[in-house]
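Subject: Structure handover

Hello,

Here is the structure I promised to pass on. Please open it first, then read the notes below it.

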Amino acid sequence: TAKKYTLKQLSEESGLSIGFLTVAFLLGLYVVWKTGPVPLVIALIGAVIVVMYSGGKTPLSYLPVGEAVSGIVMGGLIPLACYQVLSGTFTFMALLWATPTIIGVGLIMMTNNTCDIEKDIEVSRRTLPTLLGRPRARKLYHVLVFCWLVAIAVIIAVFFTRGTIVLLFALLASYPLLKALLSNPLAPQARIGAMAQICSVNIALGSFYAAAILASSAIVFIA
């Protein structure tokens, strides 16, 4: 009974996934029809990378590039396509402005891989944390979190100067989340908590980053 129930669950989940993909595909066709082929080209690049990530004799997920691949595809290419669709202009500057999201998404993958070092070793997955070992992986993790914060501050200061005031509130609001994340041992028993923490930090920093950009573009009228 348990086996049948599991297969039923898998079938339902597969159907739901297909449904989501179908809706996304139809929406994508509408976007391409309205804005041109640029988002389609970006999507195809992302699709090829996704196939390479999980398919072939040596999937990218078994190599120490998972963090970079996930960060660039989800944190970089998706914002790049969104910028072109919403603005009608294609510019690689959007990819530069997406640097914080590239780092943030990459850290989600690194959180998972660092917590799963032992499991990955068992199945011969040579992820970056597996090669580094947990102590050095955590040190690199902390450096990347610092780079994440610096990237947000520098981009706002250089390109969206009037939004700099938001950075103070971002630091104050995100400090408890960052402190908890940096204190996490990133060990198997802490995996669930670590994933919740890195996702929360992504939401917090992403929201303040967007708020800073919005504040920079706002026009203040003085009567």
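Which side chain meets Asp 116 in a salt bridge? Arg 191 does, at 3.3 Å from N to O. A salt bridge here means a side-chain nitrogen of Lys or Arg within 4 Å of a carboxyl oxygen of Asp or Glu.

Before the rest, the ground rules. This is a predicted model, where local features need pLDDT of at least 70, side-chain atom pairs count only at pLDDT 80 or more, and totals for chains, interfaces and linings use all residues. Residues are numbered from 1 along each chain as its sequence is written, and side-chain values use heavy atoms, with hydrogens and water left out.

**Salt bridges**

The salt-bridge rule gives a count of three. Back to the pair of Arg 191 and Asp 116, which meet in one of them. Arg 191 sits in helix α10 (residues 191-217) and Asp 116 in the loop between α5 (99-115) and α6 (117-122), so the bridge ties together parts that are 75 residues apart in sequence. Helices are DSSP runs of H or I with at least four residues, and strands are runs of E with at least two, numbered from the N terminus. Asp 116 is buried, with a relative accessible area of 12%. Arg 191 is partly exposed at 30%. Buried means under 20% relative accessible area, exposed means over 50%, and partly exposed is in between (1.4 Å probe, protein chains only).

Next, the side chains of Arg 134 and Glu 118 form a salt bridge at 2.9 Å, N to O. This pair links distant parts of the chain: Arg 134 is in helix α8 (residues 134-159), Glu 118 is in helix α6, and they are 16 residues apart. Arg 134 is buried, at 18% relative accessible area. Glu 118 is partly exposed, at 36%.

Then there is Asp 120 with Arg 125, where the closest N and O atoms are 3.3 Å apart. Asp 120 counts as buried at 4% relative accessibility. Arg 125 is buried too, at 16%.

**Around Arg 125**

Arg 125 also lies over the face of Tyr 62, at 5.5 Å from the ring centre. The rule for a charge over a ring: NZ of Lys or CZ of Arg within 6 Å of the ring centre and within 35 degrees of the ring normal.

What does Ser 61 contact, leaving aside neighbours within four places in sequence? Tyr 53, Arg 125 and Thr 127. Contact means heavy atoms within 4.5 Å. Ser 61 is in the loop between α2 (38-54) and α3 (66-87). At 11% relative accessibility, Ser 61 counts as buried.

**The core**

The largest nonpolar core has 33 residues. Such a core is a set of buried Ala, Val, Leu, Ile, Met, Phe, Trp, Tyr and Cys residues joined through side-chain atoms within 4.5 Å. Leu 107, Tyr 141 and Trp 148 touch the most other members. Elements that give two or more residues are α2, α3, α4 (93-97), α5, α8, α9 (165-183) and α10. The most come from α8, with seven residues.

Take Trp 148. Beyond residues up to four places away in sequence, Trp 148 touches Pro 100, Ile 103, Gly 104, Leu 107, Ile 198, Val 201, Asn 202 and Leu 205.

Val 201 turns up again among the contacts of Leu 178, together with Val 145 and Leu 149, once neighbours within four places are left aside. Leu 178 is in helix α9. Leu 178 is buried, at 6% relative accessible area.

**Aromatic pairs**

The whole structure holds six aromatic pairs. Rings of Phe, Tyr and Trp (its six-membered ring) pair if their centres lie within 6.5 Å; planes under 30 degrees apart are stacked, over 60 edge-to-face, and the rest tilted.

Trp 97 and Phe 160 have ring centres 5.5 Å apart and planes at 65 degrees, so this pair is edge-to-face. Trp 97 lies in helix α4 and Phe 160 in the loop between α8 and α9, so the pair ties together parts 63 residues apart in sequence. Both Trp 97 and Phe 160 are buried.

Phe 159 and Phe 160 have ring centres 6.5 Å apart and planes at 55 degrees, so this pair is tilted. Phe 159 is partly exposed, at 36% relative accessibility. Phe 160 has a relative accessible area of 13%. Ring pairs link Tyr 83, Trp 97, Phe 159 and Phe 160 into a cluster.

Best wishes
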